[in-house]
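Keep the structure open while you read.

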Amino acid sequence: MKAVGLVTEYNPFHNGHLYHLNKAMELTGADISVAVMSGDFVQRGELAVLDKYTRASMALNSGVNLVVELPVNYAVSSAESFAAGALKVLDYIKADSIAFGSESGNIERLSKLAHILCDNEDTLYKEISKYTANGISYAAARQKVVEKLTDKDTAAMLTSSNNILAVEYLKAIIKNNYAIKPYTVQRQGDAYNDTDIRSDYASATALRGNLKADNISKYIPVKAGLILSLNTNYIYPDDITEALFTRLLDILFASSYDKNVFIENVMQYPDVNKEIAGRLYKSAMDMITRTVQQMSESKDNGAFSFGSLCEHIKTKEVPLSRIKRALVRITLGLDKKHMEKYSNAPYIRVLGFDKKGQEYLSYIRKTVEVPLITKTADYKEMLLDDIHAANIYNMIAAGKYGVKELGDYVKNPIRVG
């Protein structure tokens with residue numbers, strides 16, 4: 001059986017995802033599709049709008065055959081680590097190909113750029129560091145350096161969200177010599193970050209902002225839309241605020257409220273430098289020293305929400321998405337040491353499947369070299385980070401809506417058909 005891998009978040013599943021799925025099957029001639037999907041936290045550094053099982057169900061009822069979870073340490077990482085983790089999972093699960101979206105739609109140009117970036121990694125790092133040291137953002141610095149190595153048009157591909165991830169998938173294949181053939185599907189309709197709906201293929205960003213509107217059903221496949229209509233306990237980025245500040249108070253306590261010790265402690269998390277750590281300390285101390293009345297009278301009312309905190313501590317050199325990922329990792333307790341866990345103890349965690357997906361699991365089970373997990377309770381220690389992230393997500397949902405989900409370690413995969 002030939003399997004095509006799809007790296008996804010389905011946050012939520014929409015018509016663009018269905019188009020991507022159908023084109024992937026057409027381009028690759030695969031027998032089944034395997035979606036490696038972020039769990040309850042996503043790459044932009046936010047809570048998913050719906051829990052991972054609901055999103056997996058939307059995908060499976062729309063034609064995806066098998067959904068496995070991208071481990072949380074990769075799901076809330078930079079584009080490079082996100083892509084590298086996803087390709088590891090696809091390699092372990094014996095995917096023959098990967099089909100990813102891109103604004104370019106040209107696999108030859110994207111592959112050429114990926115090879116250039118791999119071949120000039122040391123040069124890129126040194127030259128980019130020179131620019132960022134002078135206050136230029138990482139993205140702008142990379143753009144300048146890549147333009148010198150290639151040309152303006154080639155470098156411009158790295159200004160688009162899906163192209164950036166596409167190049168990172170290709171880099172992961174090149175660096176690890178994976179026997180996974182890459183294909184790309186050109187993105188249709190609205191842009192990745194569009195907040196308004198302008199076409200039949202609305203962005204997930206726009207849909208998340210309009211979930212309570214009456215007119216979004218036409219942008220979502222029928223069965224996925226039905227599931228969405230039955231699961232309206234939506235979770236938004238700022239819903240993490242209380243969990244984040246409780247975690248910051250814990251770190252302050254462990255640091256004896258000493259600024260230097262606090263800075264040292266939070267610098268143990270990916271993407272946190274000394275300047276960001278210092279800004280975070282000031283914000284955390286403001287939180288506990290200002291009265292509720294002062295907060296309500298302040299010009300920056302709401303300064304202690306997740307979103308406004310991110311805006312407050314971001315810098316010109318550090319983009320908002322990196323700040324958000326850093327704060328999510330702090331909330332979840334996923335410091336730099338946790339990034340090594342999957343490399344030392346890899347696994348495939350199954351979230352759901354249909355009949356074809358179940359056949360594929362049986363087909364590969366004897367040759368898969370890592371645990372193929374369908375019963376979470378048997379692998380609690382291995383899955384600890386993913387279980388902890390899900391438990392925090394479920395506690396946030398319980399606090400907001402008064403609902404209680406089953407603990408992640410006793411949940412069974414979704415079965416469709």
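How much space lies in the second largest pocket? About 330 Å³. The model is a predicted one.

## Second largest pocket

Fifteen residues are not all listed here, but Glu-242, Ala-243, Ile-392, Met-395 and Ile-396 are the lining residues closest to the centre of this pocket. H12, H17 and H20 each give two or more residues to its lining. H20 supplies the largest share, 6 residues. By class, the lining has 5 nonpolar, 5 polar and 5 charged residues.

## Largest pocket

The largest pocket holds about 1,500 Å³ of space. Its lining counts 41 residues, and Ser-78, Ala-79, Tyr-138, Arg-142 and Arg-325 lie nearest the centre. Helices H4, H6, H7, H9 and H17 each supply at least two lining residues. The lining divides into 17 nonpolar, 12 polar and 12 charged residues.

## Cavities

The model has 3 cavities of 30 Å³ or more.

## Helix H14

H14 runs over residues 274-289 and spans 23 Å from first C-alpha to last, close to the expected 22 Å. At its start, a side-chain oxygen of Asn-273 comes within 3.2 Å of the backbone nitrogen of Glu-275.

Among its buried residues are Ile-276, Leu-280, Tyr-281, Ala-284 and Met-287. The buried residues of H14 pack against helices H12, H13, H16 and H17.

Notes. Residues are numbered from 1 along each chain as its sequence is written. This is a predicted model: local features need pLDDT of at least 70, side-chain atom pairs count only at pLDDT 80 or more; totals for chains, interfaces and linings use all residues. Side-chain values use heavy atoms; hydrogens and water are left out. On a 1 Å grid over the protein atoms alone, a cavity is a set of points where a 1.4 Å probe fits but cannot get out, and a pocket is an open set with protein on both sides within 12 Å along at least five of seven lines; lining residues have an atom within 4 Å of a point. Grid points are joined across faces, edges and corners, and a volume is the space filled by probe spheres set on the points. Helices (H or I, at least four residues) and strands (E, at least two) are DSSP runs, numbered from the N terminus. The expected span of a helix is 1.5 Å times one less than its number of residues. Buried means under 20% relative accessible area, exposed over 50%, partly exposed in between (1.4 Å probe, protein chains only). Contact means heavy atoms within 4.5 Å. A polar contact is a pair of N or O atoms within 3.5 Å; within protein, one must be able to donate a hydrogen and the other to accept it, and residues adjacent in sequence count only if both atoms are side-chain atoms. Ala, Val, Leu, Ile, Met, Phe, Trp, Tyr, Cys and Pro count as nonpolar, Asp, Glu, Lys and Arg as charged, and the others, Gly among them, as polar.
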